[in-house]
Amino acid sequence: MIKLIRGGCYYMGGALVKESQSFLTADQKAAARKGTMAYRILHAHNRGTEEDLKLKFDAIASHDITYVGIIQTAKASGLKEFPLSYTLTNCHNSLCAVGGTINEDDHVFGLSAAKKYGANFVPPHIAVIHQYMREVEARVGRMILGSDSHTRYGALGTLAVGEGGPELVKQILNKTYDIKRPETVAVYLRGNLKKGVGPQDVAIALCGAVFKNGFVKNKILEFVGPGIKNLSMDYRNGIDVMTTETACLSSIWETDEKTREYYKTHGREQDYRELHPDEPAYYDCGITVNLSSIEPMIALPFHPSNAFTIRELLAHPQEILAEVEAAGRKLRGDDKFTLTDKIRDGALYVDQGVIAGCAGGMYENIAEAYEILKGGSTGAGEFSLNVYPSSQPVYKALVDNGYIGGLMDAGVVVKTAFCGPCFGAGDVPANNGLSIRHTTRNFESREGSKPAQGQLASVALMDARSIAATAANGGRLTPATEVEYTKKIKKYFFDGEIYRKRVYHGAGDAHPDAELKYGPNIADWPEMIPLGQNVLIKAVSVITDPVTTTDELIPSGETSSYRSNPMKLAEFALSRKDPGYVGRAKAVKADEDARRATGELPESVLREVEPLHIRREGTIYGSCVVAVKPGDGSAREQAASCQRVLGGIANIAEEYATKRYRSNLINWGMLPFTAKKLRLSLGDYIYVEDIAKYVAEGAESVPAKLLSGKSVKEITLQLGSLTPGERSIILKGCLINFNAAK
């Protein structure tokens, strides 16, 4: 299905050619490096050098668990008006189900900010963030930055990046997104998908091939080849949005007449142009995908890359599920997690199906699901199927063409545009339930269960077509290739009046005299102190899992209601992974507060760290989280900011799962240390003398002392490459302090 080309390669003559077989000269290679679509778009937006990029985006976007913090941060840094198109959507806290008025208070604040500073505001239930941006804001050759990790509009010719909120603040304050030039990977598509195989099947197969080996981490995927013309735009968008799960930085696709038709359908044909790489174009590595060989796939818990063909799973359910079950029990530290109990009478049964969000809720996915279920029934037993169209225009087209009524006739529950099933704020399965979902993620507890309270459930990712086939069989896992149905669906018509009549279109139209409307839960950021001359750090959480997601660092779901109150949200930090973390971090912060008040650390701390012989003057005290590979998944900045407001000053990792998590640490003034094979225990101390000097000078490694028990050891910690701006942010204590100082 998928093959990896580990060395350089060229796109030439409509094919991928390995560098070793190309016979091109060094000069030709240098020219071909500039022949990629990604290079041209980055070059047009770059204010820096060829290798040290300083990017200015054309538009930015946030949803209602990120925009309050972003606006509050920008306001504290001197915001007067938004200098570029900013879209605020309300697709995460749409239900307003937890916390009384505070969710709707955030929405009221968002609309008031859109009026005051000049932004677009999409009310709840109108559209999920990425569908709206596809329909309204994407343009060929544009760059968009979003405070959500699934910010991907490459199939529409837009190079889009998902980052933490502080990176959007930089754009709002007319600063740049600074990054070393990323490598570019050719994803060469050929062949044609079989009936019953959908975009999620391609995406899961791709994630399975490249995530665990880090093949495309922090790189740009460039989709090329003859197979593209065989994919509809909904299929392309569905594959594209899932590239986030490969850990790549962004994506871009060749455009064609189908792309033009998409823009024309949405009343924006002028935003289309042809986009292709030059021939030859040079890529740092390549991936070939034979679409004809892709089968219906399933990503078992606890990651989209835990990929199997459904055929393979059904042939060996006991062996495969037993392995996942064992991994789940190890992750959760108990023997209560089960999957093998889903095997009955030689078949595999699931409890729930969901088709939703930016990946699943598109028109063609839902229409084909109807064709599979037409005349059938989901049954009146345990199994249920919930469908969320991704926007009101999509919903209306499905209604007008008879698909919604048909789904309802089959027992499907149809709901409004909402991202909740993707992050645990809607349709949480029953204890020990297994849900199959055409959504983006299936991390541990992402579906909303709370292991600390004895709740255990899990999610497997599948395509909408196979979910519908399973629903037609009452929950018995079934690939869509095994059912007869009509793939031909009715033409989609976009009704833009829905947005014209309900969305506040205020980008570029600021009203400085308008008042911001604050609810009681919206709080300012607490003070963050600058980096001291020296640092004393205590390890208050040590996580040994191979990967730690941002969902584990700050859980999703009901915590979203508190995203506008930094201290209240921080109470949830690591609550599902390490419930004792908050108390330990607070204890360190209390000792640092005492030091700042009296000029001296408490005697109890000084006695413990006596073997380190620390310099008392100029030394600040803070906590750190230690993990193997933290930061996979969401772009949410709160994974870092919650640690910071609790007195966190560093992370120590073997590596960071994503560039965006490391950026979040830096933007909140935390030291992004790495160290290979360094074994730390809870309560260990790390002392770094002259850290401010090392950071200011751009040192990539620093000497430190580790106190574990009574033993002191000399160690080296890596800071990695930091831009001058990043060094200044860390020295000042966070991005807010940095901007305020300027």
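The model is predicted. Helices α6 and α24 pack with their axes 8 Å apart, and a UniProt domain feature is placed at residues 631-676.

**Helix packing**
- Helix α6 (residues 165-172) meets helix α24 (residues 659-667) at an angle of about 70°, which makes α6 roughly perpendicular to α24.
- From α6, the residues in contact are Gly165, Pro166, Glu167 and Lys170; from α24, they are Ser663, Asn664 and Asn667.
- By class, this contact has 4 polar, 2 charged and 1 nonpolar residues.

**Annotated domain**
- An unreviewed UniProt entry gives residues 631-676 as "domain: Aconitase A/isopropylmalate dehydratase small subunit swivel".
- That span is 37% helix and 26% strand, and its end C-alpha atoms lie 17 Å apart.

**Asn534**
- Asn534 is in strand β26 (residues 534-543) and counts as buried, at 0% relative accessibility.
- Leaving out residues up to four places away in sequence, Asn534 touches several residues, among them Arg615, Glu617, Tyr687 and Asp690.

**Backbone exceptions**
- Most peptide bonds are trans, and most residues other than glycine have a negative phi.
- Glu279 and Pro280 are joined by a cis peptide bond with omega about 5°; Pro280 lies in the loop between α9 and β14.
- Another cis peptide bond joins Pro301 and Phe302, with omega about 15°; Phe302 is in the loop between β16 and β17.
- Ser445 has a positive phi near 65°, lies in the loop between β23 and β24, and is buried at 3% relative accessible area.
- His613 has a positive phi of about 55°, is in the loop between α22 and β28, and is exposed at 62% relative accessible area.

Technical notes. Residues are numbered from 1 along each chain as its sequence is written. This is a predicted model: local features need pLDDT of at least 70, side-chain atom pairs count only at pLDDT 80 or more; totals for chains, interfaces and linings use all residues. Side-chain values use heavy atoms; hydrogens and water are left out. Axes are lines fitted to C-alpha atoms, for helices over the stretch in contact, and angles run from 0 to 180 degrees between N-to-C directions. Helices (H or I, at least four residues) and strands (E, at least two) are DSSP runs, numbered from the N terminus. Angles under 35 degrees count as roughly parallel, over 145 as roughly antiparallel, 65 to 115 as roughly perpendicular and the rest as oblique. Contact means heavy atoms within 4.5 Å. Ala, Val, Leu, Ile, Met, Phe, Trp, Tyr, Cys and Pro count as nonpolar, Asp, Glu, Lys and Arg as charged, and the others, Gly among them, as polar. Buried means under 20% relative accessible area, exposed over 50%, partly exposed in between (1.4 Å probe, protein chains only). UniProt positions are given in the numbering used here, feature names are shortened, and annotations may be inferred rather than shown by experiment.
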